[in-house]
Amino acid sequence: MSHVIDTVSTGRRQLLKAAGLSVAFVWLATPKTALGAVTPHRQPGDAKAAAADGAPAFAPNAFVRIDASGAIRLVMPMVEMGQAIYTGSCMLLAEELDVGLDQIQVEHAPASDELYGMKLLKGQITGGSTSTRSTFTELRTAGAIARTLLVSAAAAKWKVAPGDCVVERGVIRHQASGRTLTYGQVAAAANRLPDPGDVKLKSPGEFRLIGKPMARLDSADKVAGTTKFGIDVSVPGMRVATVKACPTFGGKLVKFDDRATRAVPGVIDVLRIANAVAVVAVHFGAAKRGMELLDIEWDRGANARLTTRDLRAGLAASQASGKAIVGRESGTRPQGELIEATYKLPMLAHATMEPLNATVHLTANRCEIWAGTQVPTRVVANAAKITGLAVEQVVLHPQYLGGGFGRRLESDYVDQAVMFAKLVKYPLKIIWTREEDIGHDIVRPMYHDVISAVVDAKGMPVWYGDRICSATVLGRWRPGGMRPNGLDGDAIECVADMPYAIPNMKVEWVRHDMPPGLLVGWWRGVGALHNLFIVESFFDELAHRAKVDPVAWRRALLRHNPRATAVLDLAAAKMGWGAALPPRVGRGVALGEPFGSKVCAMVEVEVTPAGDVRLRRAVVAVDCGIPVNTGSIEAQIQGGLLFGLSAALFNEVTIANGAIEQSNFNDYRMIRMNETPDVEVHIVHNTEAPGGIGEVGTAIAAPALANAIFAATGVRLRELPIRRELLAQKGSKA
């Protein structure tokens with residue numbers, strides 16, 4: 001994959017203000033909690049946290065630890081699940097602390113909303129492409145406060161003005177005398193100084209690290225295979241189990257015959273809870289073999305005959321006649337030609353590379369948990385509730401995540417492990433097989449939307465309408481985050497706030513709950529993923545009807561939006577948009593503003609006579625505000641785009657007899673290396689407030705792909721995944 005970084009001037013701002021952020025994946029109606037205390041300044045609770053962290057010589061806030069040896073640690077609120085946030089966060093701290101990136105070690109923060117809750121998500125949560133947006137100012141300020149205190153301590157020792165001192169790689173030097181002290185040498189004295197209050201941050205022109213392509217801190221260990229993920233945890237005396245829950249949603253365990261299972265060498269025990277059974281062994285292989293021999297009787301419950309057809313029919317009926325909540329309405333629908341289309345999207349599984357797992361050691365007065373989770377405080381709270389212990393008696397040891405994609409925003413797998421751990425006296429590691437993982441996923445919901453527009457004589461929209469129908473993730477996951485009128489804001493993401501200037505619009509959402517037991521959850525790209533596919537595909541339809549080039553058509557609606565126009569033009573220039581192409585080769589464009597960033601993707605495909613889609617090339621231009629680590633931005637866009645293309649091409653969760661039919665990567669497959677196109681990423685450099693990046697490539701992938709397929713074949717795709725039989729030429733064997 002090639003790597004090109006472009007610079008486009010879109011204006012400068014010397015001050016980056018959080019108030020200027022465009023916000024996605026936020027539930028503003030969340031009740032106020034102790035989260036309001038989160039700050040890079042010294043606060044109540046810091047001393048206790050520092051004591052629990054080994055009482056370092058210098059702990060000026062919740063994020064910075066410096067030992068007398070000079071060792072520097074960043075107490076990391078977010079988890080690392082492949083998005084390179086550990087590296088980006090260290091860059092923010094190192095920049096203002098005036099140390100090298102190689103001088104900072106990362107340690108997982110304990111579970112604490114009070115100390116480590118992120119403002120955008122109202123808690124210690126890693127998700128929604130919010131990590132950098134939440135911490136860009138806070139971590140820099142934490143570093144600047146620490147540097148100010150350390151320099152002040154050195155200046156006091158020398159009896160000079162702090163302004164006469166400079167810092168390089170953690171060494172403070174008095175310029176006039178040449179005397180030097182290290183951070184470690186003044187750490188204890190600095191720790192006794194009061195918080196300095198407001199501190200001056202560097203201007204973008206002074207950055208040494210921010211804006212450059214830095215190598216990831218966690219790559220070497222991962223390449224060497226020495227990184228420990230949750231599935232690698234080993235605790236003295238630990239036993240390993242695998243589980244099986246009732247295949248149907250809402251079903252229960254009735255009974256089992258474990259005589260054959262207990263005869264398997266290594267099997268120790270067979271445990272049961274209301275809807276699942278665990279086979280415990282000395283290692284996973286024995287547990288898995290024992291599970292295969294377990295004769296289980298299930299009560300398959302009320303959903304025993306449920307099918308995908310049933311779900312789709314119910315969704316369509318609600319879309320047609322259900323009560324809608326208006327998410328945005330401006331103006332009225334004028335007279336004119338009305339164009340309407342129906343789009344449908346499937347349920348999706350997360351299929352993380354590392355199957356779900358958790359290790360729990362429960363004793364009379366303590367519960368220790370080792371797990372990779374995006375929601376540490378939720379995990380701790382649930383464990384306390386299950387065990388009857390106080391929250392302070394539950395200790396979570398966060399682990400690296402072998403993929404999150406929103407699946408580990410749920411705590412069900414840890415909750416289950418705690419329930420089983422209540423039945424034994426030894427540390428218990430639960431590992432779900434991938435079949436169990438996919439078969440009991442908390443899926444991305446399906447959608448059934450009717451989208452419409454009134455166009456003028458030139459084919460340009462003067463009114464836009466969208467009636468979205470789906471289940472609600474937010475309503476289940478955090479009901480308090482719903483808007484007062486019952487609206488799930490995620491359902492209208494990137495459609496109620498689109499980048500285009502359309503004078504009149506009406507966006508509404510119809511809530512359609514799934515049957516009890518069939519849970520829907522966050523999936524990488526969240527609301528933007530669904531809405532960008534539909535909006536950008538439909539706009540391509542409008543451009544085609546108007547006989548206007550789709551890039552020119554979009555540019556005409558972006559006259560007020562120079563940043564969005566810039567990424568559109570940049571992508572078009574790099575792609576060579578408009579060049580003649582061979583038969584059944586086409587290029588598609590999609591534009592959006594997901595997660596506070598501006599992005600334009602262009603995909604080039606070739607569709608064989610049999611209907612197979614070959615990805616030839618992709619170009620993405622992105623403006624995510626001030627870029628922190630350009631190397632990570634490029635990698636995130638590339639990985640995210642491939643993730644989104646993979647889902648659009650292949651992925652769908654279907655239900656038969658109340659159970660998910662897919663089981664593993666053989667029938668829920670991912671894009672392969674030989675199918676991967678060349679992906680160019682072009683980053684716009686500016687000093688605007690940072691936008692999210694982790695899900696941007698995923699969200700913009702499917703519409704660019706579908707529009708490219710239309711350009712190649714003339715087949716408009718209003719459903720995903722893509723059906724090759726629709727693309728086959730007449731007479732060809734699909």
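Colleague: What does R169 count as, going by its relative accessibility?
Modeller: R169 counts as partly exposed, because its relative accessibility is 42% (buried is under 20% relative accessible area, exposed over 50%, partly exposed in between, with a 1.4 Å probe and protein chains only). This is a predicted model, where local features need pLDDT of at least 70, side-chain atom pairs count only at pLDDT 80 or more, and totals for chains, interfaces and linings use all residues. Residues are numbered from 1 along each chain as its sequence is written, and side-chain values use heavy atoms, leaving out hydrogens and water.

Colleague: Nice. What is phi for R169?
Modeller: Phi of R169 is positive, about 55°, although R169 is not a glycine. You'll find R169 in the loop between β4 (165–168) and β5 (171–174). Those labels come from DSSP runs: helices are H or I with at least four residues, strands are E with at least two, numbered from the N terminus.

Colleague: And which loop holds N657?
Modeller: N657 sits in the loop between β24 (655–656) and β25 (659–660). Phi of N657 is near 50°, again positive in a residue other than glycine. With a relative accessible area of 48%, N657 is partly exposed.

Colleague: Switching topic: which residues does the cis peptide bond join?
Modeller: The cis bond joins L720 and P721, with omega about 0°. P721 lies in the loop between α18 (696–713) and α19 (724–727).

Colleague: How many bridges join β23 to β26?
Modeller: Six bridges join them, and β23 (residues 613–623) runs parallel to β26. V619 is opposite E680 in β26.

Colleague: Now the holes. How many cavities of 30 Å³ or more are there?
Modeller: The count comes to five. On a 1 Å grid over the protein atoms alone, a cavity is a set of points where a 1.4 Å probe fits but cannot get out, and a pocket is an open set with protein on both sides within 12 Å along at least five of seven lines; lining residues have an atom within 4 Å of a point. Points join across faces, edges and corners, and a volume is the space filled by probe spheres on them.

Colleague: What lines the largest cavity?
Modeller: The largest cavity has 13 lining residues, with L348, R444, L529, A647 and L720 nearest its centre. α14 (526–545) and α17 each give two or more residues to that lining. The space inside is about 110 Å³.

Colleague: And what is the volume of the second largest cavity?
Modeller: The second largest cavity has about 50 Å³. Its lining includes M76, Y86, H108 and P398.

Colleague: Last one: which residues lie nearest the centre of the second largest pocket?
Modeller: P110, A111, S112, V391 and V394 do, out of 35 lining residues. The volume of this second largest pocket is about 1000 Å³. Elements supplying at least two residues of its lining include α1 (46–52), β3 (104–108) and α10 (376–387).

Colleague: Which element gives the most?
Modeller: α10 gives the most to the lining of the second largest pocket, with five residues.

Note on methods. Pairing = 2+ DSSP bridges.
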